[in-house]
Amino acid sequence: MNAIDPTLTGKNAVKLISGNHACALGAIAAGCRFFAGYPITPSSEIAERLARSLPEVDGVFVQMEDEIASIAAVIGASMGGVKAMTATSGPGFSLKQENIGYAAGAEIPCVIVNVMRGGPSTGMPTRPSQADIMQARWGSHGDYPIIVLTPASVSEIYSETIRAFDLAEQCRTPVVLLYDQVIAQLSETVALDGAGHASATRKWASGPRADYKPYDGGSDAIPAMAKPGDGYRTHTTGLTHGEDGFPTQNPEAVTRNLSRLFSKLERHRDLIDSSEALHCDDADVVIVAIGISARAATRAVEQCRAQGARVGLFRPITFWPFPEMQLRQATANARAVLVPEMNTGQLRLVVERVLAGMPVEGIHLFSGEAIAPSDIAARATALARGA
Amino acid sequence: MYIETAADFDVTDYLRKEMMPHFLCPGCGHGIALRALLWAIHDLGLDRDKLAVVSGIGCAGRLSAYIDANTFHVTHGRPLAYATGLALARPDLHVVVITGDGDCLAIGGNHLIHACRRNLKLTCLMLNNEVYGMTGGQVSPTTSETRLTTTTPLGNQEPHFDACALATAAGAGFVGREVTHHVPKLKELIKAGLEHPGFAFVEVLSDCTEIFGRKNDMGSSSDMMMRQKSEIRPSAYLDTVDTPFRSNALPTGVLTRNDRPEYGAAYRQAASARAGTSS
Ligand SMILES: Cc1ncc(C[n+]2csc(CCOP(=O)(O)OP(=O)(O)O)c2C)c(N)n1
Ligand code: SF4
Ligand SMILES: [Mg+2]
């Protein structure tokens with residue numbers, strides 16, 4: 001095979017590729033063997049890449065009739081024991097929400113990529129945005145936990161895609177990979193070192209059928225899953241269920257299962273959490289940003305420091321569950337916090353809650369343009385000087 | 001005349017006893033359809049460890065929970081889409097879908113036509129009781145003209161779908177229909193569907209006795225079954241028989257059968273052919 005992607009051959013390589021390409025390569029390296037999707041800008045390159053790569057590794061690609069069918073097929077494949085992913089953007093992400101809730105409640109691992117574009121509605125298909133932060137967390141009805149990762153470079157899209165699969169499998173949860181149109185279509189060099197990646201696998205049921213309880217969390221709150229064909233013949237439902245997997249409305253059983261579900265991610269924060277603090281120790285002003293805004297903020301920090309202003313950057317890489325403790329540590333010596341983001345204030349809302357009492361200011365750009373480093377630097381410098 | 005005894009078939013061997021008593025209303029046609037499905041599975045000797053049943057939301061959708069197999073009760077309208085992922089990812093499994101008329105033709109209509117077109121090996125059992133039973137008796141895409149439901153207090157004015165004609169037009173490789181009155185025939189039809197190599201669509205004319213029957217003064221459960229039976233005509237009589245509630249009397253049995261390539265096998269073949277040429 002000559003045209004094959006380098007990660008498929010097991011050889012490491014350094015390549016100049018786009019964020020969406022990196023996502024497709026990361027998925028293959030992580031062991032993804034099923035993709036279902038529906039075309040939408042600016043995510044379609046992921047599907048196009050995987051349509052070529054998956055058959056080369058005995059995987060399956062299918063373009064479904066819409067985004068609802070795509071997430072449903074992905075969950076169906078994962079219920080069969082195969083690592084599965086879908087990718088979309090704004091409108092498609094909205095359509096997937098009901099079934100993302102199903103995956104969260106029935107605890108079916110899967111990865112959902114949302115390349116954020118301007119909204120609401122059809123919005124600006126080819127323009128970047130960061131306005132789906134809250135939808136990624138709260139988009140489906142009811143109360144449920146979910147993991148959301150926010151990479152900020154092409155290389156990080158590659159490694160975070162791999163981590164998304166690992167977390168999905170280990171914690172039996174949907175994981176959303178959330179990045180903006182800029183890094184999706186930006187080309188950067190990436191070390192494709194994931195080929196030798198020892199990918200995490202799901203905890204599978206073992207032992208006699210009579211002793212097996214599909215939703216018994218055991219010692220780590222993560223139940224072992226029965227693979228169809230292994231003889232357990234279990235039931236999976238989106239109705240509230242007990243440890244046996246069958247529907248129940250018994251208040252104690254419902255409370256017990258949902259409490260375990262909510263505690264599941266909290267108990268594995270060491271595995272899930274990821275963030276970066278740059279020059280925060282002595283910072284008077286800490287910038288909090290994700291994705292392309294964090295890239296701009298990194299440059300802004302350099303500019304501020306060059307002018308003697310003590311400015312740092314805190315960047316959540318795992319966005320949900322939000323790295324609250326890490327943010328508090330990073331801002332321990334700060335006098336003010338600046339939140340540049342491409343929306344009207346979604347990240348600022350989180351930061352204000354976590355750092356109650358701290359002066360928090362936002363730079364909110366929702367024109368379909370990325371925020372310029374100089375704009376962030378100017379405001380951060382002024383804040384550092386007490387203006 | 002069709003002669004078969006069920007002597008070697010004990011339905012309780014195939015049911016999850018811990019789920020009994022079941023939640024269906026007395027006389028509900030869905031229970032008969034479930035029995036016919038399990039009987040077909042028994043006759044074919046299908047390995048239940050390799051049998052996956054995917055169902056949507058509704059009274060019909062609830063049936064998967066009673067079957068001692070790998071069962072998945074998914075979201076409203078989407079069982080065919082879930083089953084598509086499962087069957088593509090696990091070609092070693094035998095995947096059966098149980099869905100209702102609302103689940104399959106209203107909210108899930110898009111998935112149905114594309115499943116028919118794609119022709120992936122799946123057996124789709126649509127239990128048509130002409131109503132949304134689970135939610136209390138609202139009009140469905142198969143409710144006959146002039147029937148009363150909680151959302152058609154003036155009598156239904158919308159024409160109803162002929163699901164089998166729809167499935168055929170969309171390209172399903174196997175399409176059939178049967179009434180619950182003829183259990184052995186229904187069983188044989190389901191068996192033929194299960195054995196079909198591609199997408200098989202089986203419509204079961206079921207009855208919602210408790211809600212639809214009561215609302216329309218249709219009598220007892222057996223009265224309703226007799227009515228279903230009497231509405232069924234050989235196709236030659238289609239245009240000559242005047243039935244008050246179904247303007248077109250519905251033909252039963254196997255209505256469509258063709259040998260279009262099965263999608264999963266075609267995909268895998270194309271993939272291995274490609275791997276062979278590009279090396
Ligand atoms: C997205 C969504 N919309 C609506 C419902 C409510 N709902 C549950 S079952 C059902 C209709 C079921 O009718 P049908 O498929 O004909 O099954 P039956 O109960 O008649 O067997 C509806 C509308 C739901 N569960 N989910
Ligand atoms: S409501 Fe109707 S369809 Fe549902 S179980 Fe009762 S009789 Fe059957
Ligand atoms: Mg119905």
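**Notebook: loops, a strand, a metal site**

I looked up S121(A) and found it in the loop between β5 and β6 (124-128) of chain A. Helices (H or I, at least four residues) and strands (E, at least two) are DSSP runs, numbered from the N terminus.

Notes on the source: I am working with a predicted model, in which local features need pLDDT of at least 70 and side-chain atom pairs count only at pLDDT 80 or more, while totals for chains, interfaces and linings use all residues. Residues are numbered from 1 along each chain as its sequence is written, chains are lettered from A and ligands numbered from 1 in the order in which they are written, and side-chain values use heavy atoms, with hydrogens and water left out.

**Backbone entries**

I noted a positive phi of about 55 degrees for S121(A), which is not a glycine. S121(A) counts as exposed because its relative accessibility is 62%. The cut-offs are under 20% relative accessible area for buried, over 50% for exposed and in between for partly exposed, with a 1.4 Å probe and protein chains only.

In chain B I found a positive phi at T146(B), near 75 degrees, and this residue is also not a glycine. T146(B) sits in the loop between β6 (138-139) and α5 (163-169) of chain B. At 48% relative accessibility T146(B) counts as partly exposed.

I then looked up cis peptides. W320(A) and P321(A) are joined by one, with omega about -5 degrees. P321(A) belongs to the loop between β14 (318-320) and α12 (324-330) of chain A. The bond from M20(B) to P21(B) is cis as well, with omega near 0 degrees; P21(B) is in the segment before α1 (29-44) of chain B.

**Strand β8 of chain A**

Why is β8(A) largely enclosed by the rest of the structure? Seven of the seven residues of this strand (residues 174-180) are buried, so the rest of the structure largely encloses it. I checked the faces: P174(A), V176(A), L178(A) and D180(A) are buried on one side, and V175(A), L177(A) and Y179(A) on the other. In a regular strand the side chains alternate between the two faces of the sheet.

I traced the neighbours next. β5 (residues 110-118) of chain A pairs with β8(A) in the parallel sense over seven bridges; pairing takes at least two DSSP bridges between two strands. V111(A) is opposite V175(A). β7 (residues 147-149) of chain A runs parallel to β8(A), joined by three bridges, and I147(A) has V175(A) as its bridge partner. From β7(A) the chain passes through helix α7 (residues 154-171) to β8(A) in a right-handed β-α-β crossover. Right-handed means that, with the strands pointing away from the viewer, the path from the first strand over the helix to the second runs clockwise.

**Chain B: metal and helix**

Which residues coordinate the magnesium ion (ligand 3)? I list D101(B) (OD), N129(B) (OD1) and V131(B) (O), at 2.1 to 2.2 Å. Donors are N, O and S atoms within 2.8 Å of the metal (3.2 Å for Na, K and Ca); water is not among the atoms, so sites may look incomplete. D101(B) lies in helix α3 (residues 101-107) and N129(B) in the loop between β4 (122-128) and β5 (131-132) of chain B, so the pair ties together parts 28 residues apart in sequence. Both D101(B) and N129(B) are buried.

Last, I looked at helix α2 (residues 79-89) of chain B, where 11 of its 11 residues are buried, among them P79(B), Y82(B) and L86(B).
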